[in-house]
There are 2 protein chains.
Amino acid sequence: MAFTFTVQATDPATGARAGILGNARARARTPAFMPVGTQGTVKTLRQSDLRDLDTEILLANTYHLYLRPGPARIRELGGLHKFMGWERLLLTDSGGFQVWSLADLNRVRPEGVQFRSHLDGSLHEFTPELCMEVQLALGSDVVMVLDPCLAYPAERADSAEAVDLTLHWARRSREAFDRLERIPGADPALFGIVQGGVYADLRARCLEGLTEIGFDGYALGGLSVGEPKTAMWEMVEAGMPGMDPGRPRYLMGVGTPEDLVEGVRRGVDLFDCVLPTRNARKGTVFTSRGRLVVKNAVYAADERPLDPGCACYTCRRYSRAYIRHLFQTGEVLGQELASLHSLHFYLETMRRMRDAVVAGRFEPWSRDFLTAYREGWEPA
Amino acid sequence: MAFTFTVQATDPATGARAGILGNARARARTPAFMPVGTQGTVKTLRQSDLRDLDTEILLANTYHLYLRPGPARIRELGGLHKFMGWERLLLTDSGGFQVWSLADLNRVRPEGVQFRSHLDGSLHEFTPELCMEVQLALGSDVVMVLDPCLAYPAERADSAEAVDLTLHWARRSREAFDRLERIPGADPALFGIVQGGVYADLRARCLEGLTEIGFDGYALGGLSVGEPKTAMWEMVEAGMPGMDPGRPRYLMGVGTPEDLVEGVRRGVDLFDCVLPTRNARKGTVFTSRGRLVVKNAVYAADERPLDPGCACYTCRRYSRAYIRHLFQTGEVLGQELASLHSLHFYLETMRRMRDAVVAGRFEPWSRDFLTAYREGWEPA
């Protein structure tokens with residue numbers, strides 16, 4: 001079965017929708033948040049944890065896996081799913097964003113983007129064709145086109161030029177994707193990425209060009225890179241009318257729990273972000289009443305779980321006091337327990353949004369959620 | 001129910017025995033290996049992992065918990081079992097060994113041992129009385145007396161003096177232990193520690209003195225500190241005849257899988273060691289065919305599990321190639337998977353030894369085990 005996406009319900013009062021995407025391998029209900037498994041592992045967690053959290057789709061990073069252990073090795077070992085022990089859906093990014101944010105060199109030319117590995121300084125070039133080849137070798141379920149990244153703020157002229165290059169690379173990505181061989185069992189989808197900075201008309205032109213080429217889904221890229229939140233939401237709103245309602249919409253690299261609600265309200269189906277796991281590893285978790293910096297001394301004798309209303313692995317077993325002790329003493333278990341909790345909160349929030357859409361009450365649900373989220377916890 | 005220990009079977013051909021120890025809280029079958037949970041956590045693992053591994057008794061370090069979060073805090077939070085979420089048995093060391101091996105100062109006087117915290121340089125003194133107070137505040141199930149540590153090699157005169165101090169501290173430990181209050185629900189045992197370096201007669205004198213004072217179990221201390229293996233086993237053998245056969249015998253800080261077999265053969269009931277977990281975190285695991293340095297490049301495409309005959313969490317799910325990738329990229333999951341495997345191997349080996357003792361065939365079992373252990377794996 002090839003990739004499909006079905007909208008199952010739309011909220012009457014907002015742009016929010018509930019859907020399902022998938023292929024012969026597996027399916028994922030939307031709106032969905034994708035935990036980030038950069039190097040073929042969601043940091044500190046096991047794949048069985050992710051299944052226990054009911055994760056239906058994960059993101060992995062092409063840039064990192066290209067460098068180590070390399071696409072040839074992963075293909076030889078049967079693809080990324082088999083390599084990492086994950087039988088559900090995997091979306092892979094193109095690597096373009098990591099080249100831009102991590103690599104020591106980032107020379108964009110019409111052919112592609114040259115970069116030096118952040119590991120050993122070796123010189124590489126990502127072309128649209130190579131990025132397709134790598135993602136297909138990994139056996140990804142959702143492949144992303146290579147797109148050029150621009151820092152915020154960017155001049156209109158630079159953004160316009162980037163849109164031209166985005167479309168040029170998107171066309172080449174599409175051609176290579178259609179031509180190249182899949183690994184056994186893979187039947188991947190290809191998503192295009194809308195660029196255009198904070199210029200709504202450039203984004204509209206980009207989306208039009210992408211739609212003409214034709215993709216299985218459309219992503220909003222180049223957002224959440226330092227622009228004001230209002231500008232980000234303006235771009236999301238401006239982008240929606242031109243988007244094929246029968247295709248999934250993916251807001252890349254976003255965001256906070258509040259961002260997820262605001263994105264779903266505007267019709268976004270897919271999100272990914274390192275925020276819940278990265279913050280957790282540094283001792284800050286997300287709860288139904290906002291962020292909680294559990295490593296703080298104020299929790300040293302707090303016997304409550306991270307979130308007293310939460311049913312996650314961590315909250316059913318451990319106190320803030322113990323988790324604070326683990327962070328205080330540098331014990332990895334603290335990172336694990338915090339990551340488990342925050343991912344549970346993110347995924348549970350997505351499921352509740354979906355239920356609210358299906359029940360036709362996304363608006364009151366989101367009002368209640370955001371009110372509680374901004375409330376904070378009583379002192380112990 | 002107070003602490004009890006029962007010998008259930010003795011091997012006809014060796015000193016090996018199978019027993020059971022416990023109190024009202026829980027019990028542990030012996031011979032037993034105690035994973036080390038230094039700071040109230042076995043590094044990288046969850047308490048549910050330890051239960052899944054059928055761990056029946058854990059060791060925690062008094063020195064570390066005394067410094068952070070402190071005994072008053074743990075008592076206030078209901079004791080170490082509740083604090084860390086562990087309802088089975090806990091043995092706590094006295095802290096003396098960590099003062100000797102970790103602290104910036106280690107000034108032994110008749111009153112106790114003065115030291116500076118390795119964390120902030122603050123000055124402290126462990127006396128036998130304080131060490132009892134701390135372990136009782138933690139709610140330990142098996143409390144260890146404070147003993148002085150000597151580096152190897154030590155002169156006979158220094159070792160003799162250390163034995164005098166050992167007995168002096170053991171008597172004060174016993175008195176304080178009997179006098180001090182327990183936390184609710186605790187009914188701890190107190191173990192004495194035999195010192196005397198590599199001098200069998202000094203060890204005999206020490207054991208005699210300890211037996212006169214009377215303890216619930218006897219530990220062999222000051223071994224595995226750099227002396228040759230032959231000297232260690234000589235001391236273990238020399239110590240056995242004087243030991244009350246109705247009390248558990250604990251060989252502290254030992255050892256490799258081969259050491260466990262050699263110790264059980266000589267009548268040891270309890271072991272603890274950081275080796276399986278510490279090595280695992282550095283990319284070396286223990287298998288039925290010896291050590292395997294899984295981080296080595298030779299495993300980069302090896303699809304076999306760490307130990308093809310192993311039924312642990314890791315071996316049922318992951319290849320050497322994937323785990324090698326995790327070490328190569330510095331991902332914590334590698335440490336978790338390796339720790340899970342090596343602890344499983346240690347605990348499973350203990351269970352198999354116990355079964356062999358009960359079946360009266362420890363000798364042939366250990367011969368087969370050691371032959372396989374020294375064999376190594378075929379290349380992939």
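Reader: What area is buried between chain B and chain A, and what percentage do carbon and sulfur atoms give?
Author: In this predicted model, about 3,200 Å² is buried between chain B and chain A. Carbon and sulfur atoms give 49% of that area.

Reader: And how many residues are in contact?
Author: On chain B there are 35 residues in contact with 35 residues of chain A.

Reader: How many salt bridges does the rule find across the interface?
Author: The rule finds eight salt bridges between chain B and chain A. One of them joins R46(A) to D49(B). Their closest N and O atoms are 2.7 Å apart.

Reader: What about polar contact, how many residue pairs there?
Author: Across the interface of chain B and chain A, 24 residue pairs are in polar contact.

Reader: Which elements of chain B give two or more residues to the side that touches chain A?
Author: Those elements of chain B are α1 (47-52), α3 (71-76), α4 (80-84), α12 (320-328) and α13 (332-358).

Reader: Which one gives the most?
Author: The most comes from α12(B), which gives five residues to the side of chain B that touches chain A.

Reader: How do the residues of that side divide into nonpolar, polar and charged?
Author: The side of chain B that touches chain A has 16 nonpolar, nine polar and ten charged residues.

Reader: A change of topic: what rotation superposes chain B on chain A?
Author: A rotation of 180° does, with 0.0 Å of shift along its axis and an RMSD of 0.0 Å. The two copies are therefore related as by a two-fold rotation axis.

Reader: Why can one say that the copies meet through the same surface?
Author: Because 100% of the interface residues of chain B are also interface residues in chain A.

Note on methods. Residues are numbered from 1 along each chain as its sequence is written. Chains are lettered from A and ligands numbered from 1 in the order in which they are written. This is a predicted model: local features need pLDDT of at least 70, side-chain atom pairs count only at pLDDT 80 or more; totals for chains, interfaces and linings use all residues. Side-chain values use heavy atoms; hydrogens and water are left out. Contact means heavy atoms within 4.5 Å. Buried area is the accessible area (1.4 Å probe) that two parts lose on being put together, summed over both. A salt bridge is a side-chain nitrogen of Lys or Arg within 4 Å of a carboxyl oxygen of Asp or Glu. A polar contact is a pair of N or O atoms within 3.5 Å; within protein, one must be able to donate a hydrogen and the other to accept it, and residues adjacent in sequence count only if both atoms are side-chain atoms. Helices (H or I, at least four residues) and strands (E, at least two) are DSSP runs, numbered from the N terminus. Ala, Val, Leu, Ile, Met, Phe, Trp, Tyr, Cys and Pro count as nonpolar, Asp, Glu, Lys and Arg as charged, and the others, Gly among them, as polar. Copies are superposed by least squares on the C-alpha atoms of residues with pLDDT of at least 70 in both.
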